[in-house]
Amino acid sequence: MMTLDPKIPPGPLETKWEQRRFSEKLVSPNNKRKVTIIVVGTGLAGASAASTLGQLGYQVECFCFQDSPRRAHSIAAQGGINAAKNYQDDGDSVARLFYDTIKGGDFRSREANVYRLAQVSAQIIDQCVALGVPFAREYGGQLANRSFGGVQVSRTFYCRGQTGQQLLLGAYSALCWQVERGQVTMHPRTEMLDLVMVDGQARGIVVRDLVTGRVSIHTAHAVVLATGGYSNVYYLSTNASGSNVTATYRAWKQGAAFANPCFTQIHPTAIPPGDAHQAKLTLMSESLRNDGRLWVPNMLADHRCPGDIPTAERDYFLERRYPRFGNLAPRDIASRAVKAVCDEGRGVGPGGHGVYLDFADVIDQQGLDVVRERYGNLFDMYQRITGEDAYHAPMRIYPAPHYTMGGLWVDYNLMSTIPGLFVIGEANFADHGANRLGASSLMQGLADGYFILPYTIGHYLATAKLTPVSEDHQESRAALQRVTDKLGRLLNVKGRRTAASFHREVGRLLWNHCGMSRNEAGLKSALTSIPALREEYWRDVMVPGSGEVFNQELEYAGRVADYLEFAELLCHDALHREESCGAHFREEYQTDDGEPRRDDSRFAHVAAWEYREGALPVLNKEPLVFEFVPPTTRSYQ
């Protein structure tokens, strides 16, 4: 069994991070020039980490599979970024942000990590303003705020519906400066396919150039993974089509524990799928729930136009079920409520897979111009996709796979169970527990990259014994051989089915049996079907072309092969967790009124899974201790 030492500093919660920073060993400026760090991924976490590490004087090798760091999936985030600045003087504080995050995650995250996140949140806003991020402002010039789901204060900073884009451009400008200074070397259109392990430490990666097909080795003193989440395992999700699990999954196969993979968030406000051939879904920002009201007709199969249904014949179901939070109930709760009314036969649109998100009341009260100023670009996007004008008719929305709280296990220093392998942003499991509150993903990514990793990685570099490692090292060659063998195996199957058809099938299996709700019978059925589908994949997948060329079918086939293995791990984790908490809703464990029933006596732990070749994964547990926020029933009523 592996040892899971979270390395949480002793002492009061408020001083843990300060104490850790003071007690960490440092790398002198002269020695930093001799250290190379690999950063994989250039979203908010990766770009902020690479730029900050370069600024500190390290030599950074930065990799992304897009043609530019600006095309990382972080650019798609719309609604905002949380910070405990209390500009609205509405009772917000570091302690309240900490409490809301612990409660929102249904008491399945580490207190120390979450408190540190709340502490550094205010610094993130100052950093981004200094980088020129154009946050929305009040008339007097002060930064504006709005509310997001699961809270009763306004702490979300935003750039209309383009917050992720603007934050990424800020981080990208900092990254470009370090590239110009020669501190960061960029490797675009390059995908990590394996981890190089030497003496039990992460010392490099194997990558494939997606343009030429060349496979190569890059070595360093430490490796940082900032490769995002894995919700594309469901095939249809709000993630960019290229987002995948490959980097973290292959690190898992080299010894990094994978924590809580079943904690997958289904976002309540996505545009419903149009047809069976659709490849991804489009998110509509949670910020819309500040002013939009969710409703369905009271009657079953009511096909009248929404404007013809009087208010008395509408069910504003979130406001009815959760009167204190109303339409700003947390995402997991809102998604299940949407699914419930649709399952009753009261859904709207094609197939009954949708509910109305209606802005008529706020337009009547505050005017069209106010709504256009707040959400205009989101309304424009909705119209371009659906052909419908949401200013005059309600939007139709339905839940979709979105964010993954699970990821590689990391300690307080953001290091995985592999020494020298650090994991930041959505790729790790650390801060959100069983459910992420809206506007907290951008906060965590930038906190990890700008303010946490640059301190903690220095301690590792100053204390670890790191002998030189070259591309010719036997472990480097072994990793290279693993990659070339797998690529060759994919090319040699020469079957009849596309990788996309297998991806669609495993995604449907997961959505049906391990999606918004799960049960024992469904999970066991999936655990029977997935291995059979995987065997068929390796008999019948069709990958045209060759490896030493530009071949998008080959790169995609490798990702689908990983999904077909990872899906099984996801279901094992969901089957193990015999409780309902946050986004993990086991139908056997619910209250009489359909709310989740948590089991703190048995499952107040992080489930960290260990890879075993040719055998079932091994479960390791990190107990979660709550000293400052005792677990209570998570109620938003």
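Which residues form one aromatic cluster?

Reply: This is a predicted model, and every value below is computed from it. The cluster is made up of Tyr230, Tyr249, Trp252, Phe258, Phe566 and Tyr611.

A pair of rings is described by the distance of the centres and the angle of the planes. Phe107 has 0% relative accessibility and counts as buried.

Now take Trp295 and Tyr316. Their ring centres are 6.3 Å apart and their planes meet at 50°, so this pair is tilted. Trp295 sits in strand β12 (residues 293-297). Tyr316 sits in the loop between β13 (314-315) and α8 (317-321). The two are 21 residues apart, and the pair is again a link between distant parts of the chain. Both Trp295 and Tyr316 are buried.

At Trp17, the charged end of Arg116 sits over the ring, 4.9 Å from its centre. At Tyr391, the charged end of Arg372 does so, 4.8 Å from the ring centre.

Next, the cysteines. The search of the whole structure found zero disulfides. Take Cys64. Its closest cysteine sulfur is in Cys62, 6.7 Å away, and that is too far for a bond, because a disulfide needs the sulfur atoms within 2.5 Å. Cys64 is buried, at 4% relative accessibility. Cys571 is in no disulfide either. The nearest cysteine sulfur to Cys571 is that of Cys514, at 4.5 Å. Cys571 is buried too, with a relative accessible area of 0%.

Last, the empty space. Rolling a probe the size of a water molecule over the atoms shows where such space is left. In this model there are four cavities of 30 Å³ or more.

The largest cavity holds about 70 Å³. Its lining includes Glu191, Leu193, Arg208, Thr246 and Arg250. Lys486, Leu487 and Leu490 line it as well. So do Leu554, Glu555, Gly558 and Arg559. At least two lining residues come from each of β6 (190-198), α7 (246-252), α13 (474-493) and α16 (552-576). The largest share, four residues, is from α16. By class, the lining has six charged, four nonpolar and two polar residues.

The second largest cavity has a volume of about 50 Å³. Thr264, Gln265 and Ile266 line it, along with Asp332, Ser335, Arg336, Met516 and Ala583. Here β11 (264-270) and α9 (331-346) each give at least two lining residues. The classes are three nonpolar, three polar and two charged.

Definitions and conventions. Residues numbered from 1 in each chain as written. Predicted model: local features only at pLDDT ≥ 70, side-chain atom pairs only at ≥ 80, totals over all residues. Heavy atoms only, no water. Buried < 20%, exposed > 50% of the residue type's maximum accessible area, 1.4 Å probe, protein only. Phe/Tyr/Trp six-rings, centres within 6.5 Å; stacked < 30°, edge-to-face > 60°. Lys NZ or Arg CZ within 6 Å of the ring centre and 35° of its normal. 1 Å grid on protein atoms, 1.4 Å probe; cavity = no way out; pocket = protein on both sides within 12 Å on 5 of 7 lines; lining within 4 Å. Points joined across faces, edges and corners; volume = space filled by probe spheres on them. Nonpolar A, V, L, I, M, F, W, Y, C, P; charged D, E, K, R; others polar.
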